[in-house]
Amino acid sequence: MKIKKISALIFLSGISISTMAQERTSLSVCGDGGGWPPYHFEKEGKVIGYDVDVLEAIFTPLGISTTTELPPWQRCLHETKLGRYDIALSAAYSEERDKDYILTDYYYTLQPSYVYSSITYPEGLPIRTAQDIDGFRVCGLQGYNYTGFGVDDSKVRKNGKTFDQVVKMLEANRCDVFLARYEILAGFKASEGIDHLANGLKAVSIPGISGDKFHMLISRSIPDGLEIKSIFDQHIKQLRVSGELDRMIGKYIE
């Protein structure tokens, strides 16, 4: 096998890459096993999506391949923290994550929303600010961070492993709303034909909350984590300015 050093590939698109002590030919990556389309999801036995495209656009020209697996999200986070994976995909910021991992620059934003049943609440919910949501029974997904939704994350009942389970909790009146990023729900419908907003469910943007920025989490247990971040951050800026990121996501969703 031909071994390449990132340090040997000094220039890519005019960007200087600092010296790296450890040789590397691949990156081990994990995402949410419950699916996070159109950002990462499995189709015909292969993990695809915007996240994968971004990594390949940055690292393939450097001779570095990426292998992506989709274990349960909690396991993905735990094993990335231990260094069994180099990178975890699509994570919102939190102080705890900033301590446990090296966060890359953001590479997309999502609009935080709440979903409710128009059958149960035909007049809608009296939610004028994000804080109003705390007065309702709120459901979410296990291992997810909802700080960017403007709510008290400690009050969110994170009992569902998948959106299917959270939808069933809402329909069974075990919660009044569940939290989600609208683009992800639209991604399930566009990529897999799964409509999580059927049967009278409605998604509403949370008032006063702007788009939530998403990062990749790099393990602090690997010796070249800061180098990986440097390479990612420098190239993601070029991809953003050139409009290439918009083209990548446009492959999966209008």
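Let me start at one residue. Arg 137 lies in the loop between β10 and β11. The strand and helix names come from DSSP: helices are H or I runs of at least four residues, strands are E runs of at least two, and both are numbered from the N terminus.

Before going further, two notes on what you see. This is a predicted model, in which local features need pLDDT of at least 70 and side-chain atom pairs count only at pLDDT 80 or more, while totals for chains, interfaces and linings use all residues. Residues are numbered from 1 along each chain as its sequence is written, and side-chain values use heavy atoms, with hydrogens and water left out.

Back to Arg 137. Is Arg 137 buried, exposed or partly exposed? Its relative accessible area is 27%, so Arg 137 is partly exposed. Buried means under 20% relative accessible area, exposed means over 50%, and partly exposed is in between, with a 1.4 Å probe and protein chains only.

Not counting residues up to four places away in sequence, Arg 137 touches Arg 157, Asn 173, Arg 174, Cys 175, Asp 176 and Val 177. Touching, or contact, means heavy atoms within 4.5 Å. Ala 190 is another matter: it is 53 residues from Arg 137 along the chain, and their C-alpha atoms are 29 Å apart.

Next comes strand β11, residues 138–141. Both of its faces are covered, with Val 138 and Gly 140 buried on one side and Cys 139 and Leu 141 buried on the other. For Cys 139 the relative accessibility is 0%, so it counts as buried.

Which strands pair with β11? One is β13, residues 177–181, in the parallel sense over two bridges. The other I will mention is β12, residues 157–160, again parallel and over two bridges. Two strands pair if DSSP finds at least two bridges between them. As for who faces whom, Val 138 stands opposite Val 177 in β13, and Leu 141 stands opposite Gly 160 in β12.

Strand β13 also turns up as part of the cover over a helix. Helix α5 runs over residues 182–192, and Ile 184, Leu 185, Ala 186, Gly 187 and Phe 188 in it are buried. The cover over those buried residues includes β9 (108–110), β10 (112–117), α4 (163–171) and β13. Just after α5, Gly 193 has a positive phi of about 75 degrees.

An α-helix has 3.6 residues a turn, so residues three or four places apart point the same way. Glu 79 counts as buried because its relative accessibility is 18%. Leaving out residues up to four places away in sequence, Glu 79 touches Arg 84 and Tyr 85. Just after α2, Gly 83 takes a positive phi of about 95 degrees.

How many disulfides does the structure hold? It holds one. The term here means a pair of cysteine sulfur atoms within 2.5 Å. The disulfide is formed by Cys 30 and Cys 76, with sulfur atoms 2.0 Å apart. The pair links distant parts of the chain, since Cys 30 is in strand β3 and Cys 76 is in helix α2, 46 residues apart. The torsion about the S-S bond of Cys 30 and Cys 76 is about 80 degrees, so the disulfide is right-handed. Cys 30 is at 0% relative accessibility and therefore counts as buried. Cys 76 is buried too, with a relative accessible area of 0%.

Last, the whole protein. There are seven helices and 15 strands. The radius of gyration is 19 Å, close to the 18 Å that the globule rule gives for 254 residues, so the protein is as compact as a globular protein of that length. That radius is taken over C-alpha atoms, and the rule is 2.2 Å times the number of residues to the power 0.38. Buried residues make up 50% of the 254 residues.

That is the tour.
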